[in-house]
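Thanks for making the time this morning.

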Amino acid sequence: MNAGFLSRFFPIASLRREPFVHFLLLGALIFGVQALLERQGDARRQVVPGAGELVHLRAQYASLWGREPDAGAMEQLVKDWAREEVLYREAVARGLDRDDVIVRRRLVQKMDFLATADARNPSDAEVEAYYLGHQGAYDGGSDISFTQRFFRHAADAHAALALVKGGQAVAGEPFMLPGASVATSRSAIARDFGEAFAAAVAAAPAGAWTGPVKSAFGWHLVRIEARHATDLARFAAVRERVRADLVNQRLDAAREASYQRLLQHYRVADAGQLAP
């Protein structure tokens, strides 16, 4: 059977020009696409827990009740999971997750959690090294023995400083705190005299009168008698606080590094260019 014989009884060329044939082909195409979409839609509407969900449900039940779920309990767990999954899918389909501050913040928290999942727990040696590098935040790096003279007015303190530098003894004015403090931590100094006074004492040179140094009460002349290096006995008392601070520092660094990587794929408008 040759092509001429077929064309005699089946005029293909002429059929191509028939509108009715075009209509049939278009209908078949639409029917095929619709069937494909329906199959895909049916697949999307299947609510079947995967292996991971089943493991999670079993572990959650065992953690709560202290035993593995039996068949009845497992059936109820799957039903509860399916209900939650159906409601979640419908909520997302209706856009209920958009413009919701709580959902937005929860998703941001999850992104931060993913960013910090690999932040490892510091070793004891790393915690100790962090402490030694940040002793100022944990009562300072040394205890201080110092002598101070109190004056209510700055002008009187300046005049007294000139006298002591000339070799004269100056008693200062009566003051409720002792004139000499021995091996006192920075936090204790700040508690008694104020943070500004403690900072000035920590920075003052040893063996010479300096000032006037302002406290919460007035003005002081101060002479550092000695600095006593702290030992790791104090570290033992603050070890867990130091560990928590180091972990938090690592988590912050991990979150920021992750954000900076993501930010490379976005263009953020300059606030100065935005209309009020």
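Before I turn to the rings, a word on terms: rings of Phe, Tyr and Trp, with the six-membered ring taken for Trp, pair if their centres lie within 6.5 Å. Please keep in mind that this is a predicted model. In it there are 7 aromatic pairs, and one aromatic cluster is formed by Phe 146, Phe 150, Phe 175, Phe 193, Phe 197 and Phe 217.

Let me take Phe 175 and Phe 193, whose ring centres are 6.2 Å apart and whose planes stand at 35°, so this pair is tilted. Because Phe 175 sits in the loop between α8 and β2 while Phe 193 belongs to helix α9, the pair ties together parts that are 18 residues apart in sequence. Phe 175 is partly exposed, at a relative accessible area of 21%, whereas Phe 193, at 3%, counts as buried.

Phe 175 also forms an edge-to-face pair with Phe 217, with 5.3 Å from centre to centre and 70° between the planes. Here too distant parts of the chain are linked, since Phe 217 lies in the loop between β3 and β4, 42 residues apart from Phe 175, and Phe 217 counts as partly exposed at 36% relative accessibility.

Now to the largest pocket, which has a volume of about 470 Å³. Which helix gives the largest share of its lining? That is α5, with 6 residues, although α5 and α6 each supply at least two. The lining, which includes Trp 81, Tyr 88, Asp 97 and Arg 106, comprises 7 nonpolar and 5 charged residues, with no polar ones.

Note on methods
Residues numbered from 1 in each chain as written. Predicted model: local features only at pLDDT ≥ 70, side-chain atom pairs only at ≥ 80, totals over all residues. Heavy atoms only, no water. 1 Å grid on protein atoms, 1.4 Å probe; cavity = no way out; pocket = protein on both sides within 12 Å on 5 of 7 lines; lining within 4 Å. Points joined across faces, edges and corners; volume = space filled by probe spheres on them. Helix = DSSP H or I, 4+ residues; strand = E, 2+ residues; numbered from the N terminus. Nonpolar A, V, L, I, M, F, W, Y, C, P; charged D, E, K, R; others polar. Phe/Tyr/Trp six-rings, centres within 6.5 Å; stacked < 30°, edge-to-face > 60°. Buried < 20%, exposed > 50% of the residue type's maximum accessible area, 1.4 Å probe, protein only.
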